[in-house]
Each structure stands twice: as C-alpha cells, then as structure tokens.
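Biologist: I am new to this structure and should be grateful for a guided reading. May we go through it by question and answer?

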Amino acid sequence: MKEKVRVRFAPSPTGFLHIGGLRTALYNYLFARHHGGSFILRIEDTDQTRYVEAAEEDIIHSLNWSGIEIDEGPQNPGEFGPYRQSERKEIYHKYALQLIESGDAYYAFDTTEELDQMRERLQKSGNPSPKYDSVTRQSMKNSLTLPQDETQRRLEAGEEYVIRLKVPRREVIRFEDIIRGNVSFESKGLDDQVLLKSDGMPTYHLANVVDDHLMKITHVIRGEEWLSSTPKHILLYKAFGWEPPHMAHLPLIMSPSGGKLSKRKAESEGIPVNTKDYIEQHYEPEALVNFLAYLGWSPGDDSEIHSLEELCKLFTLDRVSKGGAVFNHKKLLWYNEHYLREIPDQQLAKKVREISQNEAVQSADEAYLARAISLLKERVSKVDELEKMGSFFFEDPEEYDPKPLKKWKKDSTALVSEYQKEIESMDDDGFEAGTLKQKLEGVIERNEVGFGKLMMPLRIAVTGQGFGPDLFISMEMLGKETVMRRIDRALSSLAQE
RNA sequence: GCCGCGUUCGUCUAGGGGUCUAGGACGCCGCCCUUUCACGGCGGUAGCACGGGUUCGAAUCCCGUACGCGGUACCA
C-alpha cells in the first residue's frame, strides 16, 4: 500500500450507537492503526426525518469509552471538513449538477403518488420489483422525457425535483471486495438511484461517494448490508472519473435466534444492543473490544486475549470471515471476567465506590474494601456484581437466602450456638481465621459431625448466603463484635424453624 | 419473486488438495483442588449442509441443490 491509509466510520445519527456499528468502527480503527493510517468519523445526517439530537454525542462517547481514537471528526476537524454531511450540502449539489452536465444523471419531477402508481402498475403486470430504470424512466416525468424548455420552466418555477443517476441499460459492474473477492452485478438489476432528494439533501449514495473521494478515503470498510449498493457507487465513481477506494464488506452480527441483531430481537434475548447499555451495565471496555474483534475475525493462532494495542498489530482484513457471526453473550462475559480479574484490587475498589449507592461501602476503609474485593473478584462477571455479592462485608444480612437455608437443620442451632460460645472467649485482636477454624474443628469433632453440618449454617448466619469467599477470613475481617451479633440474630430468628 | 453474499462442533473460529482418525476458545459434562460458591488444573462431549464432479487423493477446487442472511426507498 503506497498511499497513506485513511478509513472512515460513517454512522447516521438516528439513535444510540449499535453494537454492530461499534464493531465496524473497531475494524476500521484496527485497520487504520495497523497501517499507520487515519481513522475518520463522519456523521451522515442526511435524513432529517430520522435525525436524533443526542446521537452524535453518544457515538463519540461510545468510541472514546472503547478506546477508539478519532483522528479527524466533527469535534476535531482535519483538513477535509466539515465532517457532518448536513454541513456539506452545497458540495453535493455541485457534484450532482456536474453529473447532470456530463449526462450521467437527470432531473425527475415525479411525485410520490406518481411513483407509487408506476410501481403498482408494474406489479399488476407481473413485475415483482418495479424499478425506475432505463425502461420505465421513459414514461415518467424527467429531463430525459420532457422537452428541454419544459424542464427549464419547471426548475425556474421552483418545482420540486430530485436528481437521479442514469444507470446504463446493460452493463456488468465488477469490483473486488477485499473480504469476498470478485463481485459482480448487472446494471439491469439496479434502479436510477435518487442522488439528490427534493429537500436538497443528498442520499447516502451520493454523499458517501463524494465524501470518500474528497476526504481521500483509501478503504471503505462497512457492513455487508452495503454490498448490494456498491455497484451504484462504482457507477458514480466512474461517472466522476474517480478511482474508487478499496472495498471491504464485513459479515453481519447475528442474533442467536437468527437474523441480524436488531434492537427488538436482541433485547428479547437478553443482549444489550447499544454501546451505551454496555457502558451503563459496567462491562469492561477491553472485554467488549476483545470480544467484538473476534466476532468475525481471528488472528489465525490459538490466542484469545489481546489488548486494543495488540489487536492493532494483528489485525488484517484478509483474516475477516465471510459468514455472519452470532453474538455469544456468555463468551463476552468470559472476556469480562478475564479483564476484571486483571484489575488491581485498589483500582477495582475505586470503581466500586464510583458505582455504589451504599453508604456503608462509601464510608468503608480503603484497605478493607480492597481486601473484600480481592476475595470476591474471582466469583463475579462484572464490577457491579461485586457489591451485591459482598454486601455482607458492609452490613448485616437483611434476610437469609432461602435455598441454603434448607441446610439449617434441627441440630444446627445447637452446633452454631456451641461454636458461638467457643469464640466468645477470643480477644478482639486474636479473632483471626486460623483460630476460628481450629475452634470450628473442635466443635465438629466433639459432636462427631461433618464439616458442612456446621459450616453451612454458620455461613448463612454470618453472610446470609450459601456461597462466597472463605468464611474464616470473612469472619476475621468482620471482627468479633459483628460476627457475634449476626450469630445471635440468626439463632433467635432461625431457632424454632 | 428477483439480485447478491454466505454455509467447519450449540456458538466464535483454525484449516487454503495429502501432515485432518479436523485444532483452539466459549458453553456443557466429569474428575482433581476445596468448608460452600468460585478460580485454577486435567479430561470428555460435539462439526466439514447435501448431491454430483475434478484428482491417485477434497473440509479444502468446480457445478448443482438446500438452507441462512442481506438488498430490492426521495433510510442509512
């Protein structure tokens, strides 16, 4: 590659950044960094009816959170701005006119109703997908059928019009896709795509081609849903006399039940769709990035874990797979667990404090919090679960988990209270895990019962749960007073049951 | 319907004519470790969509079929 690589992520601000969009952005970014090139963000806000005010900010925020750096974009323009298509209206207009002059496009005055009528008519006569094409355009109202002065008159009168691409009648359009190889389409399957809408805005097709050229984009890396419109783009490049960029169409992310991962589908299957959801649900960005990178790509060895930086080094488009990839939420969680465990306790403590609403957690001793976290973090998938699982470190159990409570048998009360008597004699500062364990061993030996007979009821009494970190260490951390109080409470509330 | 693109364990994938009795990861199951739940370690489960070719030899190449997905807008 001789030219300096420049790629772009070009979302339309119609809502929150979709997880599939994030992956497209990621692949673009990885490709750019791999080749020492630039990653450009371009906002494709040409559909005013679907525009969402907060979307651009969400896109940028999501990208930042993921660690994707924007080299040029609306908030940090380079020399090819503006980076919002709505601000480039005149540019598109100029190029659309150029196409009219060269005879590659024409004005069309048909109303929506007239278009509907045409389609309906064709459908009735057995054409399942009616097009505005080289045949039908001859019976429509456009600058190709109308006398020249009539066209002129309509334009001057300010009549609404669109500009359409004059797709050749019969031509095979070929292009090479980096991921898929040679792809070809016949022009007769294409319709005379609207390039400039009646509101003066360009359609995606025009804006995209013009901008990619003007912004010196070398590689277009986008979702597979664009593959079928690529021939139209190729036609446009040709009409302008421009060299098309390299094309790469990414496989789509699929829902576990099949079909592309749409909002509705994903949510009903418990998969968050927007990047924002992952942020709010406290996923680790490194985990999402690593997971997404591997959804449709692999470096070819047996490795699974890579930082963003490493991914930049490893990523190549020829290793992207062709088939759609099903989103596997469990694997994402696995990645999240991995990255979570790599975070030092101190840092994790800070994170927990940031997201916790709990007074006791907020006011907890720093070292105490970090120690609790070190015991808990092997057991959870996400940071926010830390607090829930470790709540007993900070406050007495409100209620007892009903499932392990079944282990509280008739003899439990006697065993637990015997153990309580044993530890009552311990000093506050001698209240440590080793001794606590010895005492317990003493009790079970004397009563000739198994460990679990006392362990489980004791665990329930102290933590309210049937699982969790090492009980003796937990009790040591909690301190004698707290442990005694909790046992008292359990004994009185569970004795008769 | 038409056009296009795809199809290796349940899922993500490695594989690019012989080294594949198909490798790894997630999941699931079992064992070990362990007071519990986890972590970790070890082991197991399961796949080349189908049918024809080409070839001494095909998961790998070609052609069909099936299935899936995408597109078919003055949406991107």
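Biologist: Which helix supplies the largest share of the lining of the largest cavity?

Modeller: This is a predicted model. In it, helix 15 (366–376) and helix 16 (383–389) each give at least two residues to the lining of the largest cavity. The largest share amounts to 3 residues, and the element that supplies them is helix 15.

Biologist: How many residues of the lining of the largest cavity are nonpolar?

Modeller: The lining consists of Val-352, Val-361, Leu-369, Ile-373, Leu-376, Leu-386, Glu-387, Gly-390 and Phe-394. Of these residues, 1 is charged and 1 is polar, and the nonpolar ones number 7.

Biologist: How much space lies in the largest cavity?

Modeller: With a threshold of 30 Å³ or more, the count comes to 1 cavity. The space in the largest cavity is about 50 Å³.

Biologist: Let us turn to the RNA. Which residues come nearest to RNA strand B?

Modeller: There are 65 residues around RNA strand B. The residues that come nearest are Ser-129, Glu-378, Arg-379, Met-455 and Asp-470.

Biologist: At what distance from a phosphate oxygen of RNA strand B is an N or O atom in the side chain of Arg-319?

Modeller: Sugar or linking oxygens of RNA strand B have partners in the protein: an N or O atom in the side chain of Asp-47 is 2.8 Å from one, and a backbone N or O atom of Gly-466 is 3.0 Å from one. For the side chain of Arg-319 and a phosphate oxygen, the distance is 3.1 Å.

Biologist: How many residues of the surface near RNA strand B are charged?

Modeller: Several elements give two or more residues to this surface, among them helix 4 (112–124), strand 6 (181–186) and helix 20 (451–463). The surface has 24 nonpolar and 17 polar residues, and its charged residues number 24.

Biologist: Is helix 2 largely enclosed by the rest of the structure or largely open?

Modeller: The buried residues of helix 2 include Ile-59, Ile-60, Leu-63 and Trp-65. Glu-56 and Asp-58 are buried as well. Because 9 of its 12 residues are buried, helix 2 is largely enclosed.

Biologist: How far apart are the end C-alpha atoms of helix 2?

Modeller: Helix 2 covers residues 55–66, which is 12 residues. At 1.5 Å a residue, helix 2 should span 16 Å. The model agrees with this expectation, for the end C-alpha atoms are apart by 16 Å.

Technical notes:
Residues numbered from 1 in each chain as written. Chains lettered and ligands numbered in written order. Predicted model: local features only at pLDDT ≥ 70, side-chain atom pairs only at ≥ 80, totals over all residues. Heavy atoms only, no water. Near = heavy atom within 4 Å. Polar contact = N/O pair within 3.5 Å; in protein donor to acceptor, adjacent residues only side chain to side chain. Helix = DSSP H or I, 4+ residues; strand = E, 2+ residues; numbered from the N terminus. Nonpolar A, V, L, I, M, F, W, Y, C, P; charged D, E, K, R; others polar. 1 Å grid on protein atoms, 1.4 Å probe; cavity = no way out; pocket = protein on both sides within 12 Å on 5 of 7 lines; lining within 4 Å. Points joined across faces, edges and corners; volume = space filled by probe spheres on them. Expected span 1.5 Å × (residues − 1). Buried < 20%, exposed > 50% of the residue type's maximum accessible area, 1.4 Å probe, protein only.
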